[in-house]
Amino acid sequence: MAEIVKEEERAAVDFNNWSCPLPLADYPTIVMGHGGGGKLGNELVEHLFLPAFRNAALENLGDAAVLDLPAGRLAMSTDSFVVQPLFFPGGSIGELAVNGTVNDLAVSGAEPKYLSASFILEEGFPLNQLAAIVTAMAAAAATAGVQIVTGDTKVVERGHGDGCYINTAGVGALRPGINVGPHRAQAGDAILVSGTIGDHGMAIMSVREGLEFESQIRSDCAALNGLIADVLAAVGPAVHAMRDPTRGGLASTLNEIAGSSGVGVEIDEMALPVREEVRSACELLGLDPVYVANEGKVVFFVAPEAAPDVLRVLRAHPLGRNAARIGHVTAQHPRMLVARTAMGANRVIPTQIGEQLPRIC
Amino acid sequence: MKYLTEFRNGEIAQRMAREIHQVATRPWKIMEVCGGQTHSIIRNGIDQMLPAGIEMIHGPGCPVCVTPLELIDRALAIAAQPGVIFCSFGDMLRVPGTDRDLFQVKGAGGDVRVVYSPLDAVDLAAKNPDKQVVFFGVGFETTAPANAMSVHLAKRRGLTNFSLLVSHVLVPPAIEAILNSPGNTVQGFLLAGHVCSVMGYWEYPPLAGKYKIPLVVTGFEPLDLLDGIRRCVLQLEAGKHEVENAYERVVTFDGNQAAQKLLAEVFEVTDRAWRGIGVIPRSGWRLSEAYREFDAEERFHIAGIHTEESPLCRAGDVLRGAIKPAECSAFGKQCTPRHPLGATMVSSEGACAAYYNYGRFISAEELAGAGAALSGAAHG
């Protein structure tokens, strides 16, 4: 079923407003030659990647990008993106690939600067789809204020890939005086989340599984570096830990930080911001939104006295309007996440073993 | 959310719990039949809200849990065959057979797919005429109409490459088996609301009369469950034994008659083996003569299945309500959701998984401490 839906999804993408700079008449799809060192590969670089990502470091087309960085510590991160479908409500693999790495750098306390982008393309992949992805990456990079300075393209035989895989790596400059990490959460810390949880995972699931809900659920995919910069500018060292709760959702992130810091985490289920349509979809499928992926949310562990300021700064930012204080850190039950339910009972929320699986009934 | 948040109101829940405390003068043992109810009771901590004497016993109503290991091994063998697209609901994928699960079959090259409706599997069969599409149709009366519809449609569309690996089980014979089992202590039942939405509750008055026990049709939200428990306790205290409907917004006495008509056409009653419990006479459905050609067991003659249950696992005792999950010596030690020894630890509706996932392995003092700290916190 996934295969069928995927094809329909591709066909449904609207490329009317996009004009391909490539000689499409020759090759409307990726061929093995696009990954070789020859003319076809060069055309892809010259007519697609360069115009989209244009910046001084990239234009050298050297074997490595040569970068200017401020003195001090650097953060570096890498991530690979294999999402299906490639285009979904609220974004595409292109935005994900840029924002994912930008966010990993940002939650480390760094200011993201430069990214690399590597593509693994399947023979037969439509060029207009690649162009749409690259265009989305360029727009996401511009929004996040980062440059894509180096890249690579490989082509695999038909049947050996899933259309398009992307890897991005990125570097950023660490802000002086900021020292955050998953091991630094302390008893008493307030826990805040920057907005509604579960949007991305349910958006993907709704298109991937061909499920139709009354209102469309859109991915929350976004670059968080601006939002995080605002928070750090306001309260600086009061932020002890940050993380973007992507795969495994909020529950996995809170469990990871509880584990790394050797503390207990307590949240109030009633305080968790969840969109109505996401909650309904989760109910229908027997999923728990605390385990569903996000791509544009960040969880903060901050000194309790700074919490009101953090909440104010978050809510003033377009990406943080639904921010909420959801719990706190305790010295009790170390390495365990406990939620207080609406009924007033407590339940432990463990890390999931694998993917959440929809229930039979 | 309409019909959902209204039934999760903490204040009303506390009020209903207080009412149960007021009316309960003696200890009572009540079984919730359905795994979905077990899940909700443990997740929401309903059992912690009840008077000490009111004990909830978790019933056998988890379809994943009671599906015999032999059938799971058969499913794995079929799924591993070339040219087969094997479709299943999500939570069957992780159920271990004797030596592997469906995820491993998929990893080794089997075409295993999660679907949300058996009708999707029928469409898949129509689109892949060169493949054999098999749907793993397990479950109680709740999932049966959609499964029946799948073979009904396949027959009407003349699809010869669709089949159903079916192991349907029925609630009334299971209740009767529990009541007949030696040493039974269950005094009242919460009937499974979703099963009754299909079947109605016309099957139950004879049971209530014969065994002199109250049976209350109950939903799944916290307030539904508390209301079901309250009504059951009221009957027990008054010495009554009636069938009562505490899920009126979904369930009628007659149930869904169109579904029942289809079920009667597609299925026939048969003896069924229940994992951990054994064979219960006339406790399941299989495809009727008219639809036998769609039976995957007939289409794929799988021989040489050798099943082996873990000697440590006491899932059967858990499913009969004889022990609580934590009383099993393997619970949380050799047996965890990651390495389940029995199906009650695999399915999210299984009693063992519910206990494990919601932290019923940590001490009451630890949880109480967590609660005190949490309720004292200010939330922005």
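User: How far apart are the centres of domain 1 and domain 2 of chain A?

Analyst: In this predicted model, the C-alpha centres of domain 1 of chain A and domain 2 of chain A are 28 Å apart. Domain 1 covers 2-174 and domain 2 covers 190-348.

User: And how many residues does each domain of chain A put into the contact?

Analyst: Domain 1 of chain A contributes 23 residues and domain 2 of chain A contributes 21 residues.

User: Which elements make up the domain 1 side in chain A?

Analyst: On the side of domain 1 of chain A that touches domain 2, the elements giving two or more residues are α1 (2-12), α4 (93-107), β4 (110-122) and α5 (127-144) of chain A. The largest share, 8 residues, belongs to α4(A).

User: Good to know. How many helices and strands does chain A have?

Analyst: Chain A has 10 helices and 13 strands. Its C-alpha atoms fill a box of roughly 65 × 55 × 30 Å along the principal axes.

User: How does the radius of gyration of chain A sit against that of a compact globule?

Analyst: They agree: chain A has 21 Å, and a compact globule with 361 residues would have a radius of gyration near 21 Å. As for burial, 52% of the 361 residues of chain A count as buried. Among contacts in chain A with a separation of 6 or more, 85% come from residues 24 or more positions apart.

User: Let's go inside. Which residues have the most contacts within the largest nonpolar core?

Analyst: Those are M137(A), C164(A), L192(A), F300(A), V302(A), C87(B) and L191(B), in a core of 234 residues. The element that gives the most to this core is α5(A), with 11 residues.

User: Zoom in on L192(A) for me. What is L192(A) in contact with?

Analyst: Setting aside neighbours within four places in sequence, the contacts of L192(A) include F300(A) and V302(A), both also among the residues with the most contacts inside the core. L192(A) also contacts A307(A), V310(A), L311(A), L314(A), A323(A), A324(A), R325(A) and I326(A).

User: Nice. Over to chain B: which domains does the assignment give?

Analyst: For chain B the assignment gives domain 1 (1-298) and domain 2 (315-359). Taken over C-alpha atoms, 18 Å separate their centres. The contact takes 26 residues from domain 1 of chain B and 17 residues from domain 2 of chain B.

User: What supplies the domain 1 side in chain B?

Analyst: In chain B, α2 (35-44), β2 (54-61) and α4 (63-66) each supply at least two residues of the side of domain 1 that touches domain 2. The largest share comes from α2(B), with 6 residues. By class, that side of domain 1 of chain B has 13 nonpolar, 9 polar and 4 charged residues.

User: Is helix α5 of chain B mostly covered or mostly open?

Analyst: Mostly covered: 9 of the 11 residues in α5(B), residues 69-79, are buried. The buried ones include L69(B), L71(B), I72(B), D73(B) and R74(B).

User: What do the buried residues of α5(B) pack against?

Analyst: They pack against β3 (84-88), α6 (102-107), β4 (111-114), β5 (132-139), β6 (162-169) and α14 (296-299) of chain B.

User: Last topic, confidence. What does chain B average for pLDDT?

Analyst: Chain B averages 89, and 93% of the residues score at least 70. Over residues 363-380 of chain B the pLDDT is below 50, though this stretch has 26 contacts in the model beyond near neighbours in sequence.

User: And what ipTM and pTM does the model score?

Analyst: The model scores ipTM 0.73 and pTM 0.82.

Key: Residues are numbered from 1 along each chain as its sequence is written. Chains are lettered from A and ligands numbered from 1 in the order in which they are written. This is a predicted model: local features need pLDDT of at least 70, side-chain atom pairs count only at pLDDT 80 or more; totals for chains, interfaces and linings use all residues. Domain bounds come from an automatic or database domain assignment. Two residues are in contact if their C-beta atoms, placed from the backbone, lie within 7 Å. Helices (H or I, at least four residues) and strands (E, at least two) are DSSP runs, numbered from the N terminus. The radius of gyration is taken over C-alpha atoms; the globule rule is 2.2 Å times the number of residues to the power 0.38. A residue is buried if 20 or more other C-beta atoms lie within 10 Å of its own, exposed if 12 or fewer, and partly exposed in between; C-beta atoms are placed from the backbone. A nonpolar core is a set of buried Ala, Val, Leu, Ile, Met, Phe, Trp, Tyr and Cys residues joined through C-beta atoms within 7 Å. pLDDT is the predictor's confidence in each residue, from 0 to 100. Ala, Val, Leu, Ile, Met, Phe, Trp, Tyr, Cys and Pro count as nonpolar, Asp, Glu, Lys and Arg as charged, and the others, Gly among them, as polar.
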